[in-house]
Amino acid sequence: MKVLIVDDEPIIRSGMMKMAQQYTQPFQTIETANNGLEAIDRFSQFEPDLLITDIRMPKMDGLELCRILHNSHPNLLKVVISGYNDFEYAQKCLSYGVKHYLLKPVTPPDLHDIFDQILKLRVQSCISISKYVEWIERIKGSVWSLQMDEMSRLLAEWRESCSLLTINQIKHLLDEVLHLLDNYFQEKKQFNMPGLQEPLSAATREDLYILFECRMRALMKELQCSRHGNYKDPMEEAKVYIDTRLSVEVTLAEVADLIGISPSYFSTLFRKMTGETFVSYRMNKRMEKARDLLSIPHKRTFDIAIEVGYEDYPHFTKTFKKIYGVSPSEYRSSMGIK
């Protein structure tokens, strides 16, 4: 588990780190930040599993920090530290997923007791937070892109991962997924499905999974109807976007954002649907266009290289030869073009 400690007072920050280092089970990484703004920057660098933050800090306080991270990383574990006079203020963090509080001054037993509670819950769940977050992102992507088979495959994968969970734990996790999906589609995609967040109710694990899959299928159907037949296959839309911008640098994240899914899921789905990675697909398309342009006698090879996105001419010729076995000039010669 990776931990981020946020406090504007160096002595307290150092003391918290030392107490965390003294815990019976060593953490993978323990990092610190001076305030909320620095915490967000550090967060993007190593993505902690657990956040421990003071409530009152300059530049950005703990409440705002929890709000921002709850929106971007809803499954992050959060512990808020407050003084007696701040406790009522700190309780506002409840809506931001904070479930643990510590009152100043914090002692090693206080902090270690919180760690015990958190790790006990993680052991019981048998699922890492990072895997859970990744699974949710992939579910979002499969639903938004209407990949029914992929969604069913992901659910089968989830069943296997949750084989040791109790029915109540499974219900809690699946209900949370429904809640996150509903918020995601309402806030990011301006789409609402009435009843999506309604808690699942079933007597067995299998029935819970069946109900969840039925809810996902209903969501996909509603989503498809809402598009009034204007829906484009996400991979086809991605390929058209890439194909029409061969002369400029297009990033994987840019294309993923265009079709509304996470970069990691887009990378996996793109390779599965096309048989190529994003990078190899774009390179091959550039070379195909270059080959077509080389058959036009009046076009200069140097200009063609720029037209397909290669300002480095030697790199262009090397890549072309790697794909087709001959250099651009040799290819032209084979067609009688000088």
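## Strands and how they pair

Two strands count as paired if DSSP finds at least two bridges between them. Helices (H or I, at least four residues) and strands (E, at least two) are DSSP runs, numbered from the N terminus. What you have here is a predicted model, where local features need pLDDT of at least 70, side-chain atom pairs count only at pLDDT 80 or more, and totals for chains, interfaces and linings use all residues. Residues are numbered from 1 along each chain as its sequence is written, and side-chain values use heavy atoms, with hydrogens and water left out.

Let's start with strand E1 (residues 2–6), which has five bridges to strand E2 (residues 29–33) and four to strand E3 (residues 50–54). E1 runs parallel to E2 and parallel to E3. Leu4 is a handy landmark: Glu31 stands opposite Leu4 in E2, and Leu51 is the bridge partner of Leu4 in E3. Four of the five residues of E1 are buried (under 20% relative accessible area; exposed is over 50% and partly exposed in between, with a 1.4 Å probe and protein chains only).

Moving on, E3 and strand E4 (residues 77–82) run parallel and are joined by five bridges, with Lys78 in E4 as the bridge partner of Leu51. E4 is also parallel to strand E5 (residues 100–103), through four bridges; there, His100 is the bridge partner of Val79. In a regular strand, side chains alternate between the two faces of the sheet. In E4 both faces are covered, with Leu77, Val79 and Ile81 buried on one side and Lys78, Val80 and Ser82 buried on the other.

## The nonpolar cores

A nonpolar core is a set of buried Ala, Val, Leu, Ile, Met, Phe, Trp, Tyr and Cys residues joined through side-chain atoms within 4.5 Å. The largest one has 49 residues, and Trp135, Trp158, Leu174, Phe212, Met216 and Phe266 have the most contacts inside it. Helix H8 (167–188) is among the elements giving two or more residues to this core, and H8 gives the most, with nine. A second, separate core of 21 residues includes Met1, Val3, Val106 and Phe115.

In helix H11 (residues 252–259), the buried residues include Val255, Ala256 and Ile259. They lie on the same side of H11 because they cover an arc of only 100° around the axis, taken from the directions from the helix axis to the C-beta atoms. After H11 comes Gly260, with a positive phi near 85°.

## Two buried arginines

Arg286 sits in helix H13 (residues 278–294) and counts as buried because its relative accessibility is 5%. A polar atom of the Arg286 side chain lies 2.9 Å from the backbone oxygen of Leu246, and one lies 3.2 Å from that of Val248. Leaving aside neighbours within four places in sequence, Arg286 is in contact (heavy atoms within 4.5 Å) with residues including Glu249, Val308 and Tyr310.

Arg138, in helix H6, is buried as well, with a relative accessible area of 14%. Beyond neighbours within four places in sequence, Arg138 is in contact with Arg153, Leu154, Glu157 and Tyr265.

Notes: A polar contact is a pair of N or O atoms within 3.5 Å; within protein, one must be able to donate a hydrogen and the other to accept it, and residues adjacent in sequence count only if both atoms are side-chain atoms.
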